[in-house]
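Subject: A structure for you to look at

Hi there,

Here is the structure I promised to pass on. Please open it next to this email, and my notes will follow below.

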Amino acid sequence: MNAPINAPKLYDCRDAFATTLERLAAEDETIVAVCNDSVGSSKLGGFKAKFGERLVNVGIAEQNMVGVAAGLANGGRLPFVCAAAPFLTGRSLEQIKADISYSNANVKLVGISSGMAYGELGPTHHSIEDFAWTRVLPNLPVIAPCDRIETAAAVEWAAAYNGPCFLRLSRVGVPDLLPEGHKFELGKANLLRQGSDVTLIANGTLTHRILKAAEILAERGINARVLNLATVRPIDEDAIIAAAKETGAIVTAEEHSIFGGLGSAVAEVVVDNAPVPMKRLGVPGVYAPTGSAEFLLDEFGMAPSAIADAAQSLIRRK
């Protein structure tokens, strides 16, 4: 099927990650890539061609992969650990806790194909628990960029940051939302649209969907504020509190379980500081069926029209 006329171009954030990593590696000889037999899916082919001696492929051994990266960091290297998000986090959580978070190792964890990007492969390949697992760990910033521009900026930030972090990247194409030259700032939300009736909050692949939902709401006479909350930890409490006080209702949408993820993080801030009606959209505590990522997001009520409907219903509770 042909794309609709005037449809925005979609970009794979993995390409922005790979291109930025290669550029940074050319400038910094300490940068190394560590992967779990995922050179292709992590888009590390160009890195391998240019810096083959700085690519460590441990094979399908994710726990060892994280341990190797911690050792490299202790030896003065700057490792970027690249693996499918469900296996990087699920299989290696103990090592991430002990070797990376507790040790405050200067390791950059990059979860590729997050959320339900591997839709047709089923629940074993879905990564809808990774926010919950990682954001509970001290010393570990958790970041989910919304587009290729923010991805490149976040990788640059990660390379300069002295400490561990977790970057969550999807393989699902998304349009550009932020301006060229955008600088990533840890713990700061991006205000994408001003509004006074309700606030829509998302990150990653859901950000462009909530923007579309805001356009639908505008057609209904509802003025929705839109926040891109790329940093899940540390979260931008000031932006959330302002949104709660100024708009009186908040809807979150995420490619993650509604338990422990972005919506939960926002709700924690809201309930402690400015309680208002909230609706958390995401995977409702079930294993997702088999299907494309786009189908599954729609199936779980995260089509732009469904997000708009949820926001409109929430406003009635104000």
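Is Arg209 buried or exposed? Arg209 is buried, at 5% relative accessibility. Here, buried means under 20% relative accessible area, exposed means over 50%, and partly exposed is in between (1.4 Å probe, protein chains only).

Before going further, please keep in mind that this is a predicted model, in which local features need pLDDT of at least 70 and side-chain atom pairs count only at pLDDT 80 or more, while totals for chains, interfaces and linings use all residues. Residues are numbered from 1 along each chain as its sequence is written, and side-chain values use heavy atoms, with hydrogens and water left out.

Salt bridges

Side chains of opposite charge can pair when their charged atoms come close. The rule I used asks for a side-chain nitrogen of Lys or Arg within 4 Å of a carboxyl oxygen of Asp or Glu. By this rule there are 13 salt bridges.

Back to Arg209: its side chain meets that of Asp298 in a salt bridge, 2.8 Å from N to O. This pair links distant parts of the chain, with Arg209 in helix H8 (residues 207–219) and Asp298 in helix H11 (residues 293–299), 89 residues apart. Helices (H or I, at least four residues) and strands (E, at least two) are DSSP runs, numbered from the N terminus. While Arg209 is buried, Asp298 is partly exposed, with a relative accessible area of 40%.

Another salt bridge joins Arg23 and Glu156, at 2.3 Å from N to O. Arg23 sits in helix H1 (residues 13–27) and Glu156 in helix H7 (residues 148–160), so you will need to look at distant parts of the chain, 133 residues apart.

The domain assignment, which is automatic or from a database, gives domain 1 (9–172) and domain 2 (188–314). Their centres, taken over C-alpha atoms, are 25 Å apart. Where they touch, 30 residues of domain 1 and 35 residues of domain 2 take part in the contact, which means heavy atoms within 4.5 Å.

How much area is buried between domain 1 and domain 2? It is about 2300 Å², and carbon and sulfur atoms give 59% of it. Buried area is the accessible area (1.4 Å probe) that two parts lose on being put together, summed over both. On the side of domain 1, Met116, Ile128 and Arg135 lose the most area to domain 2, together 32% of what that side buries.

Between the two domains the count is 1 salt bridge. Arg135 and Glu268 form a salt bridge, with their closest N and O atoms 2.8 Å apart. Glu268 lies in helix H10 (residues 262–273) and Arg135 in helix H6 (residues 130–135), so the pair ties together parts that are 133 residues apart in sequence. Arg135 counts as buried at 15% relative accessibility, whereas Glu268 is partly exposed at 40%.

H6 also gives the most to the side of domain 1 that touches domain 2, with 4 residues. By class, that side has 17 nonpolar, 7 polar and 6 charged residues. In this grouping, Ala, Val, Leu, Ile, Met, Phe, Trp, Tyr, Cys and Pro count as nonpolar, Asp, Glu, Lys and Arg as charged, and the others, Gly among them, as polar.

Enjoy exploring, and write back with any questions!

Best wishes
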